[in-house]
Amino acid sequence: MELASLRAFYQTVYYKSISIAAKELYLSQPAISMQIKSLEQELNTKLLERSNKGVKPTEAGNIVYEYAQKILELYEHMNKDLESLTNTQRNIFMLSCQSFGHYSLPCSLYEFKKKFKGVDFDIEYISTDNVIRNIEKGMCDIGFIEGEYANEDIECITLGASRMYFVANPEIVNSNILTKEEISRYSLFIIDKKCYLRQIIEDVFSSHAIDVHSFNIYMESSSFEAIKSSVLAGEGISVVPYLSIKKELYNKSLIILEVEDMVFKYHYSLIHSKKITDPLKLNFINFIKGYGKKSFC
Amino acid sequence: MRYDIDCLGEMCPVPVLKLKEIMGKLKKGDSVKLVIDHSCVLSSISDYLKHGGLKVKIDEPLNGVWEIYIEKM
């Protein structure tokens with residue numbers, strides 16, 4: 001199969017238009033049509049419905065589209081890895097959940113770069129679930145997650161534990177020790193369900209017989225920084241990772257609320273594919289295992 | 001003269017660079033208060049401060065936040 005025809009098909013479905021795909025790929029429209037036709041012949045099935053409104057993938061076309069995306073992405077990663085072989089500038093691509101990636105990871109990356117000159121990091125911040133899914137699919141080899149996860153293809157190295165706390169702007173609370181009933185009177189800002197930490201919060205709530213929905217949930221957000229700014233403005237309370245609020249605690253613009261014996265504890269881990277052979281990536285994993293553990297701030 | 005450097009939320013090597021800039025201006029009797037919240041900054045700064053002629057005191061007022069007081073003797 002020609003990668004070019006797969007790419008032509010992928011771009012056409014992506015933009016829902018042969019003419020835009022042609023522009024993107026610097027090809028003529030007939031050339032794109034030819035490539036798609038040859039792909040259809042080779043796979044022996046119709047992939048696109050053409051109408052006056054544009055193009056739409058058939059059922060078979062949808063399947064091919066999903067695989068095309070993976071094949072093209074893998075091809076790109078292969079090229080990147082090859083490039084870094086001949087280049088003195090090496091690149092490590094990895095995925096990270098936000099709570100860890102934004103606050104703890106940068107220091108150890110800096111330390112690693114001091115030891116291994118010419119290494120660059122390419123980090124994508126996504127939810128823990130998606131980090132795991134992408135590593136399972138082989139889209140990436142190294143990821144940082146909240147919690148722990150391992151299977152026959154994935155190795156898990158637990159790096160440490162951290163906590164989340166109830167926080168508020170000190171001006172909106174009378175005391176930093178509150179009961180469950182008192183806490184539910186405040187509006188709650190909470191991380192959205194895609195984040196693993198949301199599960200931890202809900203588990204602790206339910207073990208204390210609190211229903212998240214009994215709160216007036218003011219906002220669900222995928223970003224702790226967004227939640228923090230609302231809480232700083234005194235609009236309500238939230239449960240956030242300690243790592244994300246050190247500055248605000250020091251400035252006393254936020255305080256920790258102790259609510260009975262509720263403790264939000266979680267682990268964070270490095271997960272990686274067991275198939276890694278690239279020595280630089282193995283070095284990186286070993287570095288994190290040893291020195292890195294100490295240097296997570 | 002007392003200098004305050006707030007490096008909360010800043011990662012290596014920013015705090016060390018900021019500190020170096022101020023240290024260049026420091027005269028005898030001057031002092032610096034530096035606040036950081038990354039442990040690796042603590043280790044890189046301790047290395048940097050090993051030069052003589054300085055009195056250094058480190059406090060940890062909050063878990064994971066350090067105040068570093070430096071006085072030029």
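Buried means under 20% relative accessible area, exposed means over 50%, and partly exposed covers what lies in between (1.4 Å probe, protein chains only). What you see is a predicted model: local features need pLDDT of at least 70, side-chain atom pairs count only at pLDDT 80 or more, and totals for chains, interfaces and linings use all residues. Residues are numbered from 1 along each chain as its sequence is written, chains are lettered from A and ligands numbered from 1 in the order in which they are written, and side-chain values use heavy atoms, with hydrogens and water left out.

**Chain A, taken as a whole.** The C-alpha trace spans about 70 × 50 × 35 Å along its principal axes. Chain A has a radius of gyration of 24 Å, while a compact globule of 297 residues would be near 19 Å. That radius is taken over C-alpha atoms, and the globule rule is 2.2 Å times the number of residues to the power 0.38. Of the 297 residues, 47% count as buried. Look at contacts (heavy atoms within 4.5 Å): among those in chain A between residues at least 6 apart in sequence, 74% join residues at least 24 apart.

**Where chain A meets chain B.** Here 16 residues of chain A are in contact with 16 residues of chain B. Together the two chains bury about 1,300 Å², and 64% of that is on carbon and sulfur atoms. A:Tyr110, A:Lys246 and A:Tyr250 supply 44% of the area that chain A buries against chain B, more than any other three residues. Buried area, by the way, is the accessible area (1.4 Å probe) that two parts lose on being put together, summed over both. How many salt bridges are there between chain A and chain B? The count is 0, where a salt bridge needs a side-chain nitrogen of Lys or Arg within 4 Å of a carboxyl oxygen of Asp or Glu. On chain A's side, the elements giving two or more residues are helix H5 (98-103), helix H6 (105-115), helix H11 (246-250) and helix H12 (279-295). By class, that side has 9 nonpolar, 3 polar and 4 charged residues. Nonpolar covers Ala, Val, Leu, Ile, Met, Phe, Trp, Tyr, Cys and Pro; charged covers Asp, Glu, Lys and Arg; the others, Gly among them, are polar.

**Helix H2 of chain B and its neighbours.** Within helix H2 (residues 39-48) of chain B, the buried residues are B:Cys40, B:Val41, B:Leu42, B:Ser44, B:Ile45 and B:Tyr48. They pack against H6 of chain A, along with helix H1 (14-25), strand S2 (31-36), S3 and S4 of chain B.

**Salt bridges, pair by pair.** Side chains of opposite charge can pair when their charged atoms come close. Over all chains, the structure holds 13 salt bridges. A:Glu40 pairs with A:Arg50, with the closest N and O atoms 3.9 Å apart. That pair links helix H3 (residues 29-43) to strand S1 (residues 48-51) of chain A across 10 residues. A:Glu40 is buried at 12% relative accessibility, while A:Arg50 is partly exposed at 42%. In chain B, B:Arg2 and B:Asp4 come to 3.6 Å; B:Arg2 is partly exposed at 46% and B:Asp4 is exposed at 56%. B:Lys55 also pairs with B:Glu71, at 3.9 Å.

**A:Asn169 in its loop.** Find A:Asn169 in the loop between strand S6 (154-168) and strand S7 (177-178) of chain A. Is A:Asn169 buried or exposed? At 10% relative accessibility, A:Asn169 counts as buried. Its side chain reaches the backbone nitrogen of A:Glu171 at 2.9 Å. That is a polar contact: a pair of N or O atoms within 3.5 Å, where within protein one must be able to donate a hydrogen and the other to accept it, and residues adjacent in sequence count only if both atoms are side-chain atoms. Leaving aside residues up to four places away in sequence, A:Asn169 touches several residues, including A:Val231, A:Gly234 and A:Leu254.

**A:Leu280 in helix H12.** A:Leu280 sits in helix H12 of chain A and is buried at 10% relative accessibility. Not counting residues up to four places away in sequence, A:Leu280 touches A:Arg90, A:Ile92, A:Phe112, A:Phe116 and A:Val119. A:Lys252 is 28 residues from A:Leu280 in sequence and 43 Å away in space, C-alpha to C-alpha.

Conventions:
Helices (H or I, at least four residues) and strands (E, at least two) are DSSP runs, numbered from the N terminus.
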